[in-house]
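Me: Some terms used for this structure need their cut-offs spelled out. Please set each value against its definition.

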Amino acid sequence: MERELFKNYFKKINSLFIMLLMSIVLLILFVSSSYRILYKEKLTINFDKYKYSTNVNDIDIIKSSCVKNIITDTINDSKKYIFFKEEVNNESNILKKIDSNINIIKKELNYNGDNSILRSILFNEINDISIKLNSFLNENTEIYINFLILFSTNSAFITLIIIFSILLLILILTNKDFTWIKNVSGVFMLVTISHLLASFILTIIFSYSTRLPIFDIRIEFLRAISNVIFNNQVKIWILLLTSGVIYRILYIMFNKTIKNS
């Protein structure tokens, strides 16, 4: 009797340990997929408030769609530098884009003054954005970025999926009475809901940045990141949550069938 009881306890502890490992692997997969999405998708910012803070020398530079595009490109260059350690010569890039589009910008702003003055205004304003964003990179974030880079590679991604599959196989072999279905359901639902809630809360917090009395490009930068990740992860969350619910329903059905028989 005691031996049978010990076996049951050992089985439960073993299953919980495997579930914990599966949850950690699934969470890392979520984080690394978010990082891959961030690399692929472009960040866009809300210019509604930004235009009030960029009225320099009575020139509202945001009236130019070309200037908006240059600012957006600068933000995405900063994203590459901060999160993906890609060398981006922002000053050179900004000047090249301003110079190649100066006539279009003048026309859009209805500006009749000297090109060099407008060029200087645009460069100082846009380069200030780059400096503020690039200063985000410090010794503290370096550790986390290295972690993300490590686990976002194709080989690491495939390795994590293989590990998850092996853990699932072990769970199936050690739980032949269909409790593995309930366990997998628990892993999918718990991790997915946790990650979904965390992302949703961050998105809500940064959405309030539009209500701040002043415009801060760094907060807007974080808001754009949270929006990109949240909007692109929704399908994955729905898929895994649906899978978790289906597994739970199957477990209930199998359990009832076994008890009735």
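Me: What pattern does the chain follow along the sequence?
Reply: The chain reads α-α-β-β-α-α-α-α-α-α-α. That comprises 9 helices and 2 strands. Both kinds of element are DSSP runs, numbered from the N terminus: helices are H or I with at least four residues, strands are E with at least two. The model is predicted, so local features need pLDDT of at least 70 and side-chain atom pairs pLDDT 80 or more, while totals for chains, interfaces and linings use all residues. Residues are numbered from 1 along each chain as its sequence is written, and side-chain values use heavy atoms, leaving out hydrogens and water.

Me: Why is α3 called roughly parallel to α5?
Reply: Take the angle. The axes of α3 (residues 65-84) and α5 (residues 115-134) cross at roughly 25° and come within 9 Å. Angles under 35 degrees count as roughly parallel, over 145 as roughly antiparallel, 65 to 115 as roughly perpendicular, and the rest as oblique. Therefore α3 is roughly parallel to α5. The axes are lines fitted to C-alpha atoms, for helices over the stretch in contact, with angles from 0 to 180 degrees between N-to-C directions.

Me: What is the handedness of the crossing of α3 and α5?
Reply: Right-handed. The near helix is turned clockwise from the far one in that case; a left-handed crossing has it turned anticlockwise by less than a right angle.

Me: Which residues make the contact of α3 with α5?
Reply: From α3 come V67, I70, I71, T74, I75, S78, Y81 and I82. From α5 come L122, I126, I129, S130, L133 and N134. Contact means heavy atoms within 4.5 Å. By class, 10 are nonpolar, 4 polar and none charged. Nonpolar covers Ala, Val, Leu, Ile, Met, Phe, Trp, Tyr, Cys and Pro; charged covers Asp, Glu, Lys and Arg; the others, Gly among them, are polar.

Me: How do α7 and α8 cross, and which residues meet?
Reply: The axes of α7 (residues 154-174) and α8 come within 9 Å and cross at roughly 145°. The crossing is right-handed. F164, L168, L171 and I172 of α7 meet W180, N183, V184 and F188 of α8. The contact has 7 nonpolar residues, 1 polar and no charged.

Me: What makes S185 buried?
Reply: Its relative accessible area is 0%. Buried means under 20%, exposed over 50%, partly exposed in between, with a 1.4 Å probe and protein chains only. So S185 is buried. S185 sits in α8 (residues 179-207). Leaving aside neighbours within four places in sequence, S185 contacts G244, Y247 and R248.

Me: How do you know whether I229 is buried or exposed?
Reply: I229 has 17% relative accessibility, so I229 counts as buried. I229 belongs to α9 (residues 217-260). Its C-alpha is 7.9 Å from that of S199, 30 residues apart along the chain.

Me: Why is E108 called partly exposed?
Reply: E108 has 32% relative accessibility, so E108 falls in the middle class. E108 lies in α4 (residues 90-109). E108 and S64 are 44 residues apart in sequence, yet 5.2 Å apart C-alpha to C-alpha. Not counting residues up to four places away in sequence, E108 touches K63, S64, S65 and C66.

Me: What share of the whole chain counts as buried?
Reply: 38% of the 261 residues. Among contacts between residues at least 6 apart in sequence, 80% join residues at least 24 apart.
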